[in-house]
Amino acid sequence: MTEHNNAHEHAHHHHHHDCGNLFGCGDEKGTGIIREDIKDAAFDKRASDRLLHMDEVDQESFDGYLSARGRNRRKFLVASSFMGALAAVEPWFARLARAEQAGARSQRQSHSEGRVHVVPSTKETVKLGVFDTTLPPILTIDSGDIISFADTWSHFLNQMQPGVPVDTLAKLRVDNPGRGPHSIIGPIAVNKAEPGDVLEIRYQRIRPYEWGAVFNNPGSLGTGLLPQDYAQGQIKYIDLDLGAMKGKFMPNISVPLKPFQGTLGLAPPEGYFPPLSPGVTTSVPPGPHAGNLDLSELSEGSTLYIPVWKPGALIYTGDSHAVQGDGEISLTALETRMKELRIQVILHKQKNLVWPVAETNSHWIIIGLDKDLNAAMTMAARNSIKFLASHAKISELDAYALCSVAVSFRVTQVVDIVRGVHALIPKAIFAPELRREMMMV
């Protein structure tokens, strides 16, 4: 791996963290609160009609998953040591993704694939709960290169395993002030990436372990949507059948799996979040750098476009999920580890995207983020209107009406300090020729 030293200047701020930087902590003295003056100065002056113009995507991706045979599921979350190479790979079963409307697709822009870099999760590559831009990159890649993240870690210092009480895990959080639950891999630098550029992240392969857990903290910690209703914490362990792609929640309840990475983002813009220390910010709240979006649509075959805010872009990822319901109300999704997360990274120069935009085979996905859920909804609506007006070449009034009849607005999550709303714009409503014109980047 190549190491580079990137110098960054950061204003020094001191903050008292009453909640120990627990994710979902709503304490206004905590570490994830956005400075509204900086947000307004950074984004209100930049018109939202500069949302990225991206490719029309034909997601001819393979979404088969590893069939786990002969594995001890109860060992899947035990703390792991260095993994220099991927575990033996069993056969993958693939099927071609189909569009919702036959004949209404155009081909994804072709990008040659570069080198494949394997990045294991180790004490050298993982930091807990932070995006730390003061560290030299663990790796520097070129546009088109592929990163294979091997054997990712789970929450809570990788201690989330059977027999560990939730109160013990919560104490681990409190005893580690300034540390959050996410095991964050990074930073990874991208050659020639500069502020104003956009990184296109293509999720090529997402292979989870065969076991996971969903939990809520004790109510006294004030995390999740309903801490006042449930004083007792709980961890519920769930076996995953990766052949059938279902999780056995109870003997008579099975949940379809849809693995995705809860956190993937870049170094955030300077001063957008109060720093824990110069150059170090919490990984809890999402923002214009993407990060902890907890957007379940970012599954295998999807694409995420993220604006670059710092030289080198600096990629971070963590928070592996087997599946999540919109809202993520108890505090967590079905937390797991990934045997492999494989992404392709493509650099687009000077596209001036203001907020992350996601894309699947069937939808464009526009994001709204704010501490106030109503404000997040308003942002998602305004961004969607601007997106449709500029891409479909219609008036904003017509875009407003189209959003009301054809665009679905969903609550992404309400537990990461900053609430999220995502708007799903269906591609199938546009005629094939218009879809071809609505290409991005």
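This report describes the predicted model of one protein, from its overall make-up to some single residues.

The structure is a predicted model, in which local features need pLDDT of at least 70, side-chain atom pairs count only at pLDDT 80 or more, and totals for chains, interfaces and linings use all residues. Residues are numbered from 1 along each chain as its sequence is written, and side-chain values use heavy atoms, with hydrogens and water left out.

## Overall make-up

The protein has five helices and 22 strands. Helices (H or I, at least four residues) and strands (E, at least two) are DSSP runs, numbered from the N terminus. Of the 441 residues, 58% are buried. Buried means under 20% relative accessible area, exposed means over 50%, and partly exposed lies in between (1.4 Å probe, protein chains only). The accessible surface comes to about 17,600 Å², and 52% of it belongs to carbon and sulfur atoms. Such areas come from the Shrake-Rupley method with a 1.4 Å probe, and for residues only the protein chains shown count as cover. Among contacts with a separation of 6 or more, 82% are between residues 24 or more positions apart; a contact means heavy atoms within 4.5 Å.

## Helix α3

Helix α3 covers residues 373–391, which is 19 residues. From its first C-alpha to its last it reaches 27 Å, close to the 27 Å expected at 1.5 Å a residue. The expected span is 1.5 Å times one less than the number of residues.

Which residues of α3 are buried? Among them are Ala-376, Met-379, Ala-380, Asn-383, Phe-387 and His-391. An α-helix has 3.6 residues a turn, so residues three or four places apart point the same way. The buried residues of α3 pack against β20 (363–370), α4 (396–406), β21 (408–413) and β22 (419–426).

At the N-terminal end, Asp-372 caps α3, with a side-chain oxygen 2.7 Å from the backbone nitrogen of Asn-374. Just after α3, Lys-393 takes a positive phi of about 60°.

## Salt bridges

The structure holds 12 salt bridges. A salt bridge is a side-chain nitrogen of Lys or Arg within 4 Å of a carboxyl oxygen of Asp or Glu. Three of them are listed here.

| Asp-151 | Arg-337 | 2.8 Å |

Asp-151 forms its salt bridge with Arg-337. Asp-151 lies in the loop between β5 (146–150) and α2 (166–174), and Arg-337 in the loop between β17 (334–335) and β18 (338–348), so the pair ties together parts that are 186 residues apart in sequence. Both Asp-151 and Arg-337 are buried.

Glu-340 is buried, with a relative accessible area of 1%, whereas Arg-205 is partly exposed at 26%. Elsewhere, salt bridges that share partners join Arg-115, Asp-142 and Asp-145 into one network.

## Backbone geometry

Most residues other than glycine have a negative phi, and most peptide bonds are trans. The peptide bond from Gly-186 to Pro-187 is cis, with omega near 0°. Pro-187 is found in strand β6 (residues 183–190).

Asp-151 has a phi near 55°, a positive value in a residue other than glycine. Lys-192 has a positive phi of about 70°, although it is not a glycine. Lys-192 is in the loop between β6 and β7. Is Lys-192 buried or exposed? Lys-192 is exposed, because its relative accessible area is 69%.

## Loops and surface

Gly-129 is found in the loop between β2 (126–128) and β3 (130–132). Gly-129 counts as buried because its relative accessibility is 0%.

Tyr-230 lies in the loop between β8 (211–216) and β9 (234–241), and counts as exposed at 52% relative accessibility. Leu-225, Leu-226, Tyr-230 and Ile-329 make a nonpolar surface patch of about 380 Å². Patches are made of residues with over 30% relative accessible area and no salt bridge, where like charges are joined within 9 Å and nonpolar side chains (Val, Leu, Ile, Met, Phe, Trp, Tyr) within 5 Å.

Note on methods. Polar contact = N/O pair within 3.5 Å; in protein donor to acceptor, adjacent residues only side chain to side chain.
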